[in-house]
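Subject: Structure handover

Dear colleague,

Here is the structure I said I would pass on. My notes on what was found in it follow below.

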Amino acid sequence: FESLGDKKIKTHGLNPKTLDKERLKEYAVEDSDICLQLKNVFEEKLREAELLEVFEKIEMPLVDVLLSMEREGVRLNIEELNQFSTLLNTMKIDLEKEIYSLSGEEFNISSPKQLGEILFEKMDIDSSSKKKGKSKQYSTAEDVLVKLKSEHPIIEKVLEYRSLSKLKGTYVDALPLLVNKKTNHIHTSYNQSTAVTGRLSSKNPNLQNIPIRTELGKEIRKCFVPRSEDYVLLAADYSQIELRIIASLSGDENMCEAFKKNLDIHLDTASKIYGVSHDEVTKDMRRNAKSVNFGIIYGISAFGLSQQLNISRKEAQELIDEYFNKYPKIKTFIDKSIISAREKGYAETISGRRRYLSDIKSSNANIRNFAERNAVNMPIQGTSADMIKLAMISIYKEFNERNLKSKMILQVHDELVFDVFKPELDIIKEIVVNEMKNSLKLNLPIEVEVNTGENWLEAH
């Protein structure tokens with residue numbers, strides 16, 4: 001404080017001249033000493049758990065990368081978002097009118113209590129519905145309504161209304177309020193330790209949940225734009241990386257061969273499990289095969305698959321059985337992963353990241369089954385997370401060493417988004433693809449899809 005003289009500084013309402021300087025020094029020394037003691041304790045624990053390499057080669061180098069991304073942020077087209085909000089409001093009003101017309105009266109559609117009474121008492125849509133919970137209300141949860149979609153047109157309209165309301169409230173109206181007035185960019189915060197699989201998460205706002213599956217949801221991505229006319233957005237996405245990882249980890253020849261030949265993996269899977277040529281595979285066959293491919297990673301059951309595909313449980317079980325018949329080493333990998341987790345108490349990635357699974361020996365079947373699914377999924381999803389983190393570190397280092405103007409601005413699971421200075425576009429593509437492909441080697445090819453555009457939707 002003595003060196004500051006009369007300079008104005010933030011002191012949280014305290015006068016520097018009246019502060020106990022000796023106490024401040026004591027506090028600073030104590031703070032540093034405790035940090036050092038903790039460092040020594042945790043470093044040894046990491047070494048004992050064989051996690052020091054994950055910490056030193058992945059998590060710590062990533063801190064600078066994430067700090068750079070958070071500071072840079074991403075530009076938002078607020079005017080377009082506001083126009084979209086007006087459109088959504090008009091659509092919302094129209095939906096309200098349709099719902100009121102179908103129900104025969106006006107009510108608060110957003111109230112589960114009122115909605116339940118309208119659907120299950122007045123309209124008697126589902127005679128098996130019963131009031132549940134302490135509030136004695138009917139359940140109007142999404143999974144309940146989805147099952148009743150075919151019962152009455154009002155169900156579809158209510159689901160549309162909910163989706164539209166969430167889109168408008170959570171994203172379209174909220175995002176402009178979070179734009180930093182100094183930078184005119186929106187700045188998220190990335191968390192390295194929230195997701196147990198090692199994936200990054202995002203908050204304030206959560207930019208990893210920006211919708212992509214619905215046509216209306218996609219419109220939001222249109223509003224994420226380059227910083228100026230001299231820049232363009234570039235999105236780089238790992239192609240079916242989790243399937244490539246399970247193929248590599250399991251060593252299944254059939255799936256590895258499909259990726260090595262650069263085949264459409266879902267079409268090839270459909271061809272195998274239905275016993276037809278590629279040319280004979282229908283859209284429904286491919287759709288079913290895709291659901292099995294991704295469902296296997298998350299430990300899907302015959303019941304879950306039947307619900308997802310709207311087929312009988314018997315047919316779903318036959319699909320799963322035939323899948324394992326054609327990809328036997330994937331079944332072996334799943335079984336071994338569960339046995340290993342039960343013996344060690346954890347599952348781990350190629351890089352050595354661990355997820356401890358204390359419930360893997362639970363006497364409760366539901367709890368144990370959940371842990372077993374995690375024992376299979378974690379090595380796959382966690383390896384994917386490690387792969388993109390390592391790529392981010394290498395890309396960031398290359399950008400700095402070459403003194404490039406382009407910036408990495410977003411990470412959404414298997415996708416990286418860059419704000420690229422147009423004269424640097426070719427070199428950025430080369431760096432990004434090379435580092436993403438080589439960040440963590442598998443025993444089969446890794447493919448990276450790269451696109452550019454004047455907004456995030458175009459680039460995705």
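Buried means under 20% relative accessible area, exposed means over 50%, and partly exposed lies in between (1.4 Å probe, protein chains only). Aspartate 419, at 3% relative accessibility, therefore counts as buried. Of the 460 residues of the chain, 43% are buried in this sense.

This is a predicted model, in which local features need pLDDT of at least 70 and side-chain atom pairs count only at pLDDT 80 or more, while totals for chains, interfaces and linings use all residues. Residues are numbered from 1 along each chain as its sequence is written, and side-chain values use heavy atoms, with hydrogens and water left out.

Overall layout

The chain has 17 helices and 13 strands (DSSP runs numbered from the N terminus, helices being H or I with at least four residues and strands E with at least two). Its C-alpha trace spans about 80 × 60 × 55 Å along the principal axes.

Helix H3 (residues 78-103) packs with helix H6 (residues 153-172) at an angle of about 155 degrees, and their axes are 9 Å apart. That angle makes H3 roughly antiparallel to H6 (under 35 degrees counts as roughly parallel, over 145 as roughly antiparallel, 65 to 115 as roughly perpendicular and the rest as oblique). The axes are lines fitted to C-alpha atoms, for helices over the stretch in contact, and angles run from 0 to 180 degrees between N-to-C directions. The crossing of H3 and H6 is left-handed, which is to say that the near helix is turned anticlockwise from the far one by less than a right angle; clockwise would be right-handed.

Salt bridges

A salt bridge here is a side-chain nitrogen of Lys or Arg within 4 Å of a carboxyl oxygen of Asp or Glu. By this rule the count comes to 30.

Aspartate 419, the buried residue mentioned above, pairs with arginine 227 in one of them, with the closest N and O atoms 3.1 Å apart. The pair links distant parts of the chain: arginine 227 is in the loop between strand S7 (224-225) and strand S8 (231-238), aspartate 419 is in strand S12 (residues 415-421), and they are 192 residues apart. Arginine 227 is partly exposed, at 25% relative accessibility.

Glutamate 242 and arginine 199 form another salt bridge, with 3.4 Å between the closest N and O atoms. Glutamate 242 lies in helix H8 (residues 241-250) and arginine 199 in the loop between strand S5 (189-191) and strand S6 (201-203), so this pair ties together parts that are 43 residues apart in sequence. Both glutamate 242 and arginine 199 are buried.

A local case is glutamate 322 with lysine 326, whose side chains meet in a salt bridge at 3.7 Å, N to O. Both lie in helix H13 (residues 313-326), four residues apart, or about one turn of the helix. Glutamate 322 is partly exposed at 24% relative accessible area, and lysine 326 is partly exposed at 27%. Elsewhere, salt bridges that share partners join Lys39, Glu43, Glu44 and Arg47 into one network.

Surface

Ile34, Leu38, Val41 and Phe42 make a nonpolar surface patch of about 350 Å². Patches are made of residues with over 30% relative accessible area and no salt bridge, with like charges joined within 9 Å and nonpolar side chains (Val, Leu, Ile, Met, Phe, Trp, Tyr) within 5 Å. Areas come from the Shrake-Rupley method with a 1.4 Å probe, and for residues only the protein chains shown count as cover. Phenylalanine 42 is in helix H1 (residues 21-48) and is partly exposed, with a relative accessible area of 47%.

Backbone and loops

The peptide bond from asparagine 204 to proline 205 is cis, with omega near 0 degrees. Proline 205 sits in the loop between S6 and helix H7 (215-221).

Asparagine 184, although not a glycine, has a positive phi of about 60 degrees; this residue lies in the loop between H6 and strand S4 (185-186). Asparagine 310 also has a positive phi of about 60 degrees without being a glycine. Asparagine 310 lies in the loop between H12 and H13 and is exposed, with a relative accessible area of 72%.

Finally, glycine 299 is in the loop between helix H11 (283-297) and helix H12 (302-309). Glycine 299 is partly exposed at 34% relative accessible area. Glycine 299 and glutamate 372 are 73 residues apart in sequence, and their C-alpha atoms are 8.3 Å apart in space.

Regards
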